[in-house]
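Colleague: Please take me through a single part of this model, step by step. I would like a close look at one strand pairing and the sheet around it, and then at the ligand site.

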Amino acid sequence: MPLEFAKKRVCGVVSAETAREMRGQLIEGLRETSTMELRLDFLESAKELDSFLRWLAAKRPRGTFYATCRTARGGGKFRGSREEEIAILQRAARAGCRWCDVEIETAKHFSASELRSALAPARLLISHHNFRRTPRNLAAIYRELVRAGGQAIKIAAECRSIADTAKILDLARLRRNVVAVPMGETGVAGRILSLRAGSLLTYAAVGKSTAPGQLSIGAMQHLYRVEELSRKTRVYGVIGDPIGHSLSPLLHNTAFHARKVDAVFVPFLVRDLRDFLENLDAFGVAGFAITIPHKEKIIRHLDGCDPLAERIGAVNTVVVRGRGRLYGYNTDYIGALRSLEGRLIFAGSRILLFGAGGAARAAAFALAQAGASVCIASRTAARARALARATGAHAIERSALRREFFDVVINCTPVGMYPRGGSPLKSEELNCRIVMDMVYRPRQTELLQMARKKGIETVSGIEMFLAQGMAQYEIWTGQRAPEAAMRRVIEDVLAREEKSQGK
Ligand code: NAP
């Protein structure tokens with residue numbers, strides 16, 4: 001049995017400069033979890049520290065508290081001597097902290113029994129931090145931390161690759177009483193999956209994030225529900241670079257929760273496809289979505305591909321079948337069709353795609369296949385011509401747009417996206433019945449506002465985002481996607497975002 005460590009394994013991190021703020025954060029964090037790390041090194045003076053510890057000793061709030069006084073070397077703010085560090089932790093232990101987290105650099109100057117008796121009745125968590133990279137010799141580091149007297153040990157290291165993250169989680173899987181902390185943007189997926197791998201704790205920010213890649217406590221508890229994840233939980237994710245802005249985790253985790261599917265959806269920052277694909281097993285990945293810049297490159301790594309995705313030459317959805325075989329689909333294709341279905345009859349209609357990148361490519365195949373006559377215009381005319389040749393569409397010069405009429409005009413460029421805004425087309429170039437924007441942040445782009453003013457029907461990029469996401473969900477689970485829940489969560493988050501931008 002692992003050591004009785006804490007009832008709640010999401011550990012909220014409390015870090016503030018004043019005792020007052022620290023108390024406020026602690027109280028706020030205790031609404032989400034009963035396990036808290038108190039970053040005493042953040043308190044700006046001996047007076048603030050004293051005030052906070054007195055309050056803690058007097059009030060004894062219920063919970064399991066880990067005191068730490070991290071030095072600058074360990075990524076913290078404490079600049080005193082190691083004896084002073086231990087003296088502060090000693091006071092925290094007396095004030096009710098059940099654990100003291102001591103860096104190995106401090107711990108190695110004391111014997112294990114000296115440390116344990118100095119910090120009693122608190123138990124000892126000995127930690128190793130590396131903010132530059134994941135060390136090769138994790139097993140040796142583990143042994144060193146145990147020898148230093150750790151009743152539990154913590155390894156926090158910057159991950160430069162998915163393989164690094166897998167290595168850190170492996171330690172939690174194979175050894176007892178380990179807190180595994182994959183740091184950095186690449187480590188985010190590992191932070192979410194560390195409890196599932198067997199880590200005793202995962203950290204989450206109550207106030208500001210205190211370490212690279214640390215998520216908020218709200219995200220850990222409500223978006224990823226990390227305490228509910230078990231080895232049986234199926235893991236899905238989205239891979240891309242950049243990935244932090246993706247709304248896919250919100251979309252799919254909401255859907256899994258609504259349908260009570262035991263699965264989680266995680267963002268993987270993937271710079272090198274091979275690095276991710278070689279470590280699928282370590283995370284137990286059952287399927288994944290793909291975004292920029294890997295949609296085309298992934299194809300050569302697949303064992304099989306939906307014929308349409310193959311024709312399009314881009315895959316945005318992969319299912320991992322038995323023995324790690326990968327099968328690819330393109331749901332942007334489905335998304336483009338579903339966003340317009342019911343608004344017009346495709347056969348015989350004339351549709352303009354503005355832009356000739358990956359999304360335009362999927363839309364061109366989809367709409368041509370559905371019987372529409374597709375025209376493509378693009379900033380780079382040669383790209384429009386090449387895409388038109390590949391899809392049986394017609395390339396059209398930008399200068400012709402003022403004179404031409406279309407049933408639908410679709411923006412397939414990123415122009416209009418928050419925060420830059422702008423419109424890819426001018427009002428006089430919109431001679432059509434429907435304008436659709438693939439951009440969905442903001443919901444009402446300048447292009448759509450302009451179209452509305454002209455009395456043209458508009459279709460927001462949200463429709464395509466939802467439709468492609470619903471199709472992904474159905475491919476992975478074989479169940480109908482919970483459309484209402486998925487729509488609500490995306491509409492709500494975008495509405496909040498617009499409100500906070502004062503729109
Ligand atoms: P991509 O492959 O990079 O292609 C971008 C296209 O936009 C290219 O044709 C590019 O023209 C053009 N472009 C870029 N900046 C431009 C500018 N300032 N003025 C005029 N044209 C410009 O990107 P993608 O994957 O096709 O994605 C395009 C957009 O669709 C993105 O905003 C993406 O987020 C969105 N999208 C939305 C959904 C959804 O579900 N709603 C799904 C997929 C994509 P050049 O060749 O001249 O550079």
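Modeller: Start with Met436. In this predicted model, Met436 has Val459 of S20 as its bridge partner. The strands involved are S19, residues 432-437, and S20. Three bridges join them, and the two run parallel.

Now widen the view. S19 and S20 belong to an open sheet of six strands. The order is S17-S16-S15-S18-S19-S20, with parallel pairing. S17 (394-395) and S20 (457-459) are the edge strands, so each pairs on one side only. In general, strands of a sheet pair through backbone hydrogen bonds.

The ligand takes up the space of the largest pocket. Two elements give two or more residues each to the shell around the ligand: helix H15 (358-369) and helix H18 (461-477). H18 supplies the largest share, four residues.

In total, 22 residues surround the ligand. By class, eleven are nonpolar, eight polar and three charged. The closest are Ala356, Ala359, Arg379, Thr380 and Arg383.

A polar side-chain atom of Thr380 is 2.4 Å from a ligand oxygen. For Arg379, an N or O atom of the side chain lies 2.8 Å from a ligand oxygen. Ala359 uses its backbone: a polar atom there is 2.8 Å from an oxygen of the ligand. On its own, the ligand has 920 Å² of accessible area, and the protein covers 77% of that.

Technical notes
Residues numbered from 1 in each chain as written. Predicted model: local features only at pLDDT ≥ 70, side-chain atom pairs only at ≥ 80, totals over all residues. Heavy atoms only, no water. Near = heavy atom within 4 Å. Polar contact = N/O pair within 3.5 Å; in protein donor to acceptor, adjacent residues only side chain to side chain. Areas by Shrake-Rupley, 256 points an atom, 1.4 Å probe, with all protein chains shown as cover. 1 Å grid on protein atoms, 1.4 Å probe; cavity = no way out; pocket = protein on both sides within 12 Å on 5 of 7 lines; lining within 4 Å. Sits in = over half its atoms within 2 Å of the grid points. Nonpolar A, V, L, I, M, F, W, Y, C, P; charged D, E, K, R; others polar.
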